Amino acid sequence: PTIIKCKTVIGFGSSKEGTHSVHGAPLGEDDIAQVKEKFGFDSKQKFFVPEEVLSAYRAKIDEGKKMVAAYEKMFSEYEAKYATEAAEIKRRFSNTLPKGWEDVLPSYKPGDKAVATRSISGVVLNALARIMPELVGGSADLTPSNKTALGCTVDYQKNSPQGRYIRFGVREHGMGAIGNGLHAYGGIVPFTATFLTFIEYMFPAVRLAALSGHKHIFIMTHDSLGIGEDGPTHQPIEQVNIVRATPNVLLFRPADGNETSGAYKVALEQEDTPSVLALSRQNLPQLVGTSIESVSKGAYTILEEKDPDAILIATGSEVDLCVKAVKEMEGKFSIVSMPCAKLFDEQSIEYRRKVLPFKTPIIAVEMAAASGWYKYAHHAIVMRTFGVSGKGSHCVNYFGFTPKKIASSIKEWLGNAGKEIKEHGFAVAAQFEEPAKRNLHYVEYI
């Protein structure tokens, strides 16, 4: 690598040279005129490009056309000799996924072993990497924790440039920016990984992925209080909502193995949308009612009762907590899993009203900040402060995220407000808003 270091002066030549004023304010007509004169330009001409500069740039057009023609000739000759390899290059650069790629996604059934979704993510990622050579990425010095090591390749190093796994080191922003650059080049689907809390270190890159339309998979593990001992510095609270609030980013928080496979499926089907996968450290059971296909709806009912006393809606590890909380209560309760709120927003009003019907109390449960939940629910059992240090189970219990404590909170709230909602039918925004659209658009000026 070569570093070229140049010392510069901000606003060089301006009367405001070397001051902060030149950074955020116009120079003004008089100052612009004197700068032009100082450097040999006609101060009366605006938006003027000298002929010699214009000619030099125009000449590059012909040079570029020759380079394109030479490349196309070379590739045509290559294709004649190596048809299979050429077809693979074309496939990757046209952003076409390999035929039958969905078939490698693992599915799970109730009774299968309880596994952390970060571990299932590692299984899914490796299954896909074996048939998708365009999957390239790595972790910010957390490979064993993120479960992102690829068994089908080696590390990208000086002596192994064919390697598809990158050891980024503790540099989250640089990692995210490199992932964006890989997708911008073409033919590559990047993935980058760290703890969910540390997404804030790399958020400018996440935001630019959304703004630029990069299909970049951000694998964020240790997604809640359940991580335990690392304490409040590592326990995510607001991060889920920061990502959900960002346009053109899909935030997935899968509840089990099927939903983890479904999250990867939807993420890979995108053309110009990045995805963030928020994954658990703790083991989660394989639930009744989940499926790979249902993830594309954003939210769906996994336990349905006719005329329920309330609907519980949750994400990630809290879906299982709701399943267990229902067993602690008398009455009828439906349960909705919401792996991706943004995808649910894109569904028809009819579908959203079917999942979240009128005159039914809706209670959200999530170990994260409350922001956004009142669009879908009348009440939210959420985090309203930072976490604490302690074992994961102790932290979860301390903040009331156990089946018994969730059931107690639900019963108390229903006793105060549930009857009013059933009688008067207080609505939530998700029952009325038109389907959201994620189309990217670029406008220079308005």
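Setting aside neighbours within four places in sequence, V288 is in contact (heavy atoms within 4.5 Å) with P110 and I302. This is a predicted model, where local features need pLDDT of at least 70, side-chain atom pairs count only at pLDDT 80 or more, and totals for chains, interfaces and linings use all residues. Residues are numbered from 1 along each chain as its sequence is written, and side-chain values use heavy atoms, with hydrogens and water left out.

Back to V288. You'll find V288 in the loop between β8 (283-284) and β9 (300-303); helices here are DSSP runs (H or I, at least four residues) and so are strands (E, at least two), numbered from the N terminus. V288 and C322 sit 34 residues apart along the chain, and their C-alpha atoms are separated by 13 Å.

C322 belongs to helix α11, so let's go there next. How many of the 10 residues of α11 are buried? The count is 8, so α11 is largely enclosed by the rest of the structure. The buried ones are S317, E318, V319, D320, L321, C322, A325 and V326. Their cover includes β8, β9, β10 (310-314), β11 (333-337), β12 (362-369) and α15.

Now for the helix pairs. Axes are lines fitted to C-alpha atoms, for helices over the stretch in contact, and angles run from 0 to 180 degrees between N-to-C directions. Angles under 35 degrees count as roughly parallel, over 145 as roughly antiparallel, 65 to 115 as roughly perpendicular and the rest as oblique. A crossing is left-handed if the near helix is turned anticlockwise from the far one by less than a right angle, and right-handed if clockwise.

| Helix pair | Angle | Axis separation | Handedness |
|---|---|---|---|
| α7 (residues 172-185) and α8 (residues 203-212) | about 20° | 7 Å | left-handed |
| α11 (residues 317-326) and α15 (residues 403-424) | roughly 70° | within 8 Å | right-handed |
| α5 (residues 117-131) and α10 (residues 257-269) | about 45° | 9 Å | right-handed |

The angle of about 20° between α7 and α8 makes α7 roughly parallel to α8. On the α7 side the contact is made by H173, G176, A177 and N180, and on the α8 side by P204, A205, L208 and A209. Sort those residues by class and you get 5 nonpolar, 3 polar and no charged; here Ala, Val, Leu, Ile, Met, Phe, Trp, Tyr, Cys and Pro count as nonpolar, Asp, Glu, Lys and Arg as charged, and the others, Gly among them, as polar.

For α11 and α15, a crossing at roughly 70° makes α11 roughly perpendicular to α15. L321, K324 and A325 of α11 make the contact with P403, I406 and A407 of α15. That gives 5 nonpolar residues, no polar ones and 1 charged.

With α5 and α10, an angle of about 45° makes α5 oblique to α10. From α5, the residues T117, I120, S121, V124, L125 and L128 meet G257, T260, S261, Y264 and L268 of α10. By class, the α5 contact with α10 comes to 6 nonpolar, 5 polar and no charged residues. Apart from neighbours within four places in sequence, N126 is in contact with A149, L150, G151 and C152.

On to the cores. In soluble globular proteins, nonpolar side chains tend to be buried together. A nonpolar core here is a set of buried Ala, Val, Leu, Ile, Met, Phe, Trp, Tyr and Cys residues joined through side-chain atoms within 4.5 Å. The largest has 52 residues, and F344, L356, F401 and I410 have the most contacts inside it. Not counting residues up to four places away in sequence, L356 touches I311, I313, F344, I362, Y376, A430 and Q431. A second, separate core has 30 residues, including L125, Y165, A193 and V295.

F47, not a glycine, has a positive phi of about 50°. F47 lies in the loop between α2 (29-38) and α3 (51-81) and is exposed, with a relative accessible area of 87%. K147, also a residue other than glycine, has a positive phi near 60°. K147 is placed in the loop between α6 (143-146) and β3 (165-167), and K147 is partly exposed at 33% relative accessible area.

How values were computed
Buried means under 20% relative accessible area, exposed over 50%, partly exposed in between (1.4 Å probe, protein chains only).
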